[in-house]
Amino acid sequence: MKQSKLFTKVQKNIPKDEVSINAQLLIQAGFIDKEMAGVYSLLPLGLRVVNRIENIIREEVNAIGGQEIFMPALQPKENWEKTGRWNSMDDLYKVEDSSGKKMALGPTHEEVVVPLVQKFVNSYKDFPFAAYQFQNKFRMELRAKSGILRGREFMMKDLYSFHLDEKDLDEYYEKSKDTYFKIFERCGLKDQTYMTFASGGSFSKYSHEFQTVTPAGEDTIHICQKCRLAINKEIKSETEKCPECGGTDFKEEKAIEVGNIFKLMNKYSKPFGLAVQNEKGENQEIVMGCYGIGLGRLMGTIVEVYHDEKGMIWPEAVAPFKVHLISLGQNEKAQEIYDALSKDGIEVLFDDRDISAGAKFAESDIIGIPNRVVVSEKSLAAGGVEIKKRSEKESEVIKIQDLIDRLK
Ligand SMILES: [Zn+2]
């Protein structure tokens with residue numbers, strides 16, 4: 001993509017009304033735009049990042065049998081009354097049409113997915129299975145403040161699994177843990193992300209959060225120094241010992257919750273009467289698990305972990321482009337390189353604009369594309385193009401014909 005055609009621009013100054021680094025940088029660089037507190041538009045660069053994150057999640061969830069669906073954000077009040085959450089959930093957005101019909105803007109989708117599944121299953125042979133979606137969720141957040149980390153409207157991957165018994169749910173739940181680690185590893189957050197014991201509510205002893213350590217974190221976790229699992233604040237106040245290994249040596253850290261997994265058991269299948277006949281002909285209630293990841297939140301977390309004083313530093317797997325090609329008065333030669341890289345499937349943002357070299361470099365650092373390639377009179381005289389990683393200080397000149405191999 002040519003930068004001269006990109007309708008968004010890098011702004012000179014960081015937005016004054018944002019306190020979090022992730023929102024400041026993402027807005028300044030034109031990845032997102034704030035519509036109002038807790039509500040953001042995704043702009044071309046930001047959407048490319050979210051799409052990459054989404055594809056990583058999709059590949060990993062498909063690999064454990066997830067079937068992708070898309071459920072509505074607008075949901076009937078009756079379903080929410082059935083589960084008791086119409087009145088018990090304080091942050092539920094309720095809307096009413098002109099005929100007086102009341103609906104919820106979904107903060108989660110148990111109230112839709114359970115009756116949906118019920119329409120299609122009638123035998124124990126239909127189980128187990130899992131369905132998931134990427135959908136915008138709504139939460140009445142009165143003090144939205146952490147940029148895209150805590151929104152009123154936010155994009156989630158929510159996966160729901162359905163099982164005949166607890167043993168089968170347990171097996172899938174364990175599998176989902178590995179899947180979550182793979183997802184966060186591919187997003188560049190392996191070393192910073194800890195599986196964290198959290199309260200399981202009334203139905204199981206624990207649920208698990210995936211917490212990424214960063215000073216910007218709103219949560220506090222206690223990392224077991226023996227087994228690398230963590231416990232959240234709530235669990236820490238109930239126990240002195242690591243539930244996994246019994247260790248007692250913990251390190252306290254600030255962290256952002258990037259995902260969570262939960263055994264729902266029959267909490268939602270019961271109110272809707274989701275049950276089938278088992279092999280013995282008896283009525284058997286279905287048990288469920290749910291598994292969430294916030295996509296915008298994950299993007300914001302990556303920015304919190306990967307930035308320096310000059311701007312963002314995207315891990316390659318989630319970067320909006322692989323290469324930032326910068327022409328300094330050499331648009332003809334740069335165009336040839338752009339065409340060659342594009343032909344080879346390498347995604348390039350091509351800065352073909354007629355502005356100063358200093359401005360181009362400063363903007364490139366803010367945007368944070370992992371590889372910068374500069375074509376200038378100087379680089380051509382030295383035998384090719386100048387290549388530099390955003391995460392490194394030193395650049396080097398390489399031959400144009402070696403560029404594709406280097407970037408692959
Ligand atoms: Zn431990």
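Visitor: In what order do the three strands of the open sheet stand, and is the pairing parallel or antiparallel?

Guide: A word on the model first: it is predicted, so local features need pLDDT of at least 70 and side-chain atom pairs count only at pLDDT 80 or more, while totals for chains, interfaces and linings use all residues. Residues are numbered from 1 along each chain as its sequence is written, and side-chain values use heavy atoms, with hydrogens and water left out. Strands (E, at least two residues) and helices (H or I, at least four) are DSSP runs, numbered from the N terminus. Two strands pair if DSSP finds at least two bridges between them. Here the order is β4-β6-β5, and the pairing is antiparallel.

Visitor: Which strands stand at the edges?

Guide: β4 (74-76) and β5 (93-96) do; each has a single partner strand, so one side of each is left without a neighbour in the sheet. Between β4 and β6 (residues 102-105) there are three bridges, and P76 stands opposite M103 in β6.

Visitor: Now the metal. Which residues coordinate the zinc ion?

Guide: Donors are N, O and S atoms within 2.8 Å of the metal (3.2 Å for Na, K and Ca); water is not among the atoms, so sites may look incomplete. In this model the SG atoms of C224, C227, C242 and C245 coordinate the zinc ion, at 2.2 to 2.3 Å. Along the chain these donors follow the spacing C-x2-C-x14-C-x2-C.

Visitor: What does the pair C227 and C242 tie together?

Guide: C227 lies in the loop between β11 (219-224) and β12 (230-232), and C242 in the loop between α7 (233-236) and β13 (250-265), so the pair ties together parts that are 15 residues apart in sequence.

Visitor: Is C242 buried or exposed?

Guide: Buried means under 20% relative accessible area, exposed over 50%, and partly exposed in between (1.4 Å probe, protein chains only). C242, at 4%, is buried, whereas C227 is partly exposed at 26%.

Visitor: Where is E363, and what does E363 touch?

Guide: E363 sits in helix α11 (residues 357-367) and is buried, at 15% relative accessibility. Contact means heavy atoms within 4.5 Å. Leaving aside neighbours within four places in sequence, E363 is in contact with Q3, V10 and R353.

Visitor: How many helices and strands does the protein chain have?

Guide: The protein chain has 13 helices and 23 strands. Of its 408 residues, 53% are buried, and its C-alpha trace spans about 80 × 60 × 45 Å along the principal axes.
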